[in-house]
Amino acid sequence: MAPVNVSRSVAVVVLVSVAGLLAGCGDGAAPVASATPPPAVTVVPVTLQDFSRSQEFVGKTEAFHTVDIRARVTGYLIAEDFKEGEQIAKDSLLFKIDPAEFDAKVSAATAGVERAQAVFIEADAKLERTRVLAEKDTLTQANLDEAIAGQAKAKADVASAEADLATAKLNLGYTEIRSPIDGRIGRSAVDIGNLIGPDSGILATVIDLDPIRVGFSLAERQYLTVMGMVEAGDIPDLVPRIRLANGEIFSEDGTLAFADNQVDPSTGTVRVYIDFANPDRILVPGLFVNVILTSTEPTEQILIPQVAVQLNQSGSFVLVVDENSKVELRQIVTGDRSGTDIVVLEGLTEGELIIIDGIQKVRPGGEVTAVAASTPAAGD
């Protein structure tokens with residue numbers, strides 16, 4: 001008889017005993033693994049909604065009218081009749097140059113006119129006397145020619161003197177520098193007491209802020225598409241609006257003004273301009289804004305929250321919950337955005353349920369518990 005391995009036999013007996021003890025624990029029934037419930041996800045139904053198509057472009061505000069104020073005559077500045085940054089009216093006095101020298105020149109030019117006129121009267125009378133005597137053959141033709149020339153020269157001297165007077169008066173008028181437009185005046189570049197003149201540069205700048213102009217660029221392809229629609233009479237009515245840097249939509253709608261007459265060779269774009277009423281003068285030149293062109297003719301479109309949209313190698317997709325509570329990955333084609341929502345052009349139909357929360361907990365083909373969203377769906 002072969003020898004018995006006592007140690008191995010003991011180990012087997014111990015294992016069997018332990019198994020029996022474990023099996024006898026509890027109420028005597030074998031334990032059953034509990035089933036894990038499907039994960040809960042938040043869903044919204046796909047609906048058709050009225051949507052006004054829009055496009056956005058980066059734009060910049062520009063002054064509608066800008067005037068650089070300059071001196072046209074040289075003299076000492078004796079008055080500055082405005083406050084920097086205030087709104088001023090057309091023809092308001094801004095700067096005044098000492099007029100004394102120019103007053104004297106007007107007086108001198110006035111005297112010059114009077115002197116020339118006296119000489120002309122004398123020359124004209126001499127011509128008349130010479131003509132009478134020449135007709136009686138008392139004076140020669142040479143004497144008559146000389147008198148005619150003298151009268152003509154005196155007449156020309158009057159015209160020259162009158163031009164000098166007009167220039168002197170004009171220069172006197174230039175000693176008062178006035179605003180040619182309504183607008184807001186900026187910082188003054190000169191101080192009272194300084195000698196200023198045409199070489200002094202810009203004294204101040206006046207900007208008309210109402211209306212204000214916004215410029216943005218269209219790519220060549222966009223420009224040609226728009227021009228083709230205009231030619232065919234098929235361009236939709238668009239409402240221009242702007243979104244400011246703080247996210248607010250400006251209160252006034254704009255009016256399309258014009259498109260530039262050439263393509264910028266450095267960017268391949270055409271500049272387009274829109275005018276906006278700016279009664280409170282909130283907008284100033286140089287602000288970056290978002291230009292929003294919105295169609296006035298809404299169409300029915302599928303809008304869904306952007307949080308439901310994800311990306312993979314094939315493009316955009318959403319997770320759809322079918323009638324069996326199973327998750328389906330659905331590739332979609334998206335369009336324009338509207339706030340936190342996005343238009344879906346292809347891939348979804350009205351009435352389907354899409355997951356907007358809990359996406360990370362599920363996989364395509366898995367079962368879920370769909371919970372309706374407590375917040376309004378897209379577009380509400």
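Student: Which way do S4 and S6 run, and how many bridges join them?
Tutor: Strand S4 (residues 75-80) and strand S6 (residues 93-97) run antiparallel, and three bridges join them. Keep in mind that this is a predicted model.
Student: What is the bridge partner of Ala79 in S6?
Tutor: Lys96.
Student: In what order do the strands of that open sheet come?
Tutor: The order is S7-S6-S4-S9, four strands with antiparallel pairing. The edges are strand S7 (176-178) and strand S9 (195-196). Each edge strand pairs on one side only.
Student: What does Lys96 form a salt bridge with?
Tutor: Glu176. The closest N and O atoms are 3.9 Å apart. Glu176 lies in S7 and Lys96 in S6, so the pair ties together parts that are 80 residues apart in sequence.
Student: How many salt bridges does the structure hold?
Tutor: It holds 10. Another one joins the side chains of Arg330 and Glu352, at 2.9 Å from N to O. Arg330 sits in strand S18 (residues 327-331), and Glu352 in the loop between strand S20 (341-346) and strand S21 (353-357). They are 22 residues apart.
Student: Is Arg330 buried or exposed?
Tutor: Buried, with a relative accessible area of 16%. Glu352 is buried as well, at 18%.
Student: New topic. Which residues have the most contacts inside the largest nonpolar core?
Tutor: Among them are Leu94, Phe95 and Ile177. The core has 18 residues. S6 gives the largest share, three residues.
Student: What is Ile177 in contact with, beyond its neighbours within four places in sequence?
Tutor: Its contacts include Ile69, Leu94, Phe95 and Leu203.
Student: Why would nonpolar residues gather like that?
Tutor: In soluble globular proteins, nonpolar side chains tend to be buried together.
Student: What do the buried residues of H2 pack against?
Tutor: Helix H3 (141-173). The buried residues of H2 include Phe102, Val106, Val113 and Leu127.
Student: Which side chain meets Lys105 in a salt bridge?
Tutor: Glu101, at 3.4 Å from N to O.
Student: What comes just after H2?
Tutor: Asp137, which takes a positive phi of about 60°.
Student: Back to strands. How many residues of S14 are buried?
Tutor: Six of its eight, so strand S14 (residues 288-295) is mostly covered.
Student: Which strands does S14 pair with?
Tutor: Strand S3 (residues 54-69) pairs with S14 over seven bridges.
Student: Last one. How many helices and strands are in the chain?
Tutor: Four helices and 22 strands.

Technical notes. Residues are numbered from 1 along each chain as its sequence is written. This is a predicted model: local features need pLDDT of at least 70, side-chain atom pairs count only at pLDDT 80 or more; totals for chains, interfaces and linings use all residues. Side-chain values use heavy atoms; hydrogens and water are left out. Buried means under 20% relative accessible area, exposed over 50%, partly exposed in between (1.4 Å probe, protein chains only). Helices (H or I, at least four residues) and strands (E, at least two) are DSSP runs, numbered from the N terminus. Contact means heavy atoms within 4.5 Å. Two strands pair if DSSP finds at least two bridges between them. A nonpolar core is a set of buried Ala, Val, Leu, Ile, Met, Phe, Trp, Tyr and Cys residues joined through side-chain atoms within 4.5 Å. A salt bridge is a side-chain nitrogen of Lys or Arg within 4 Å of a carboxyl oxygen of Asp or Glu.
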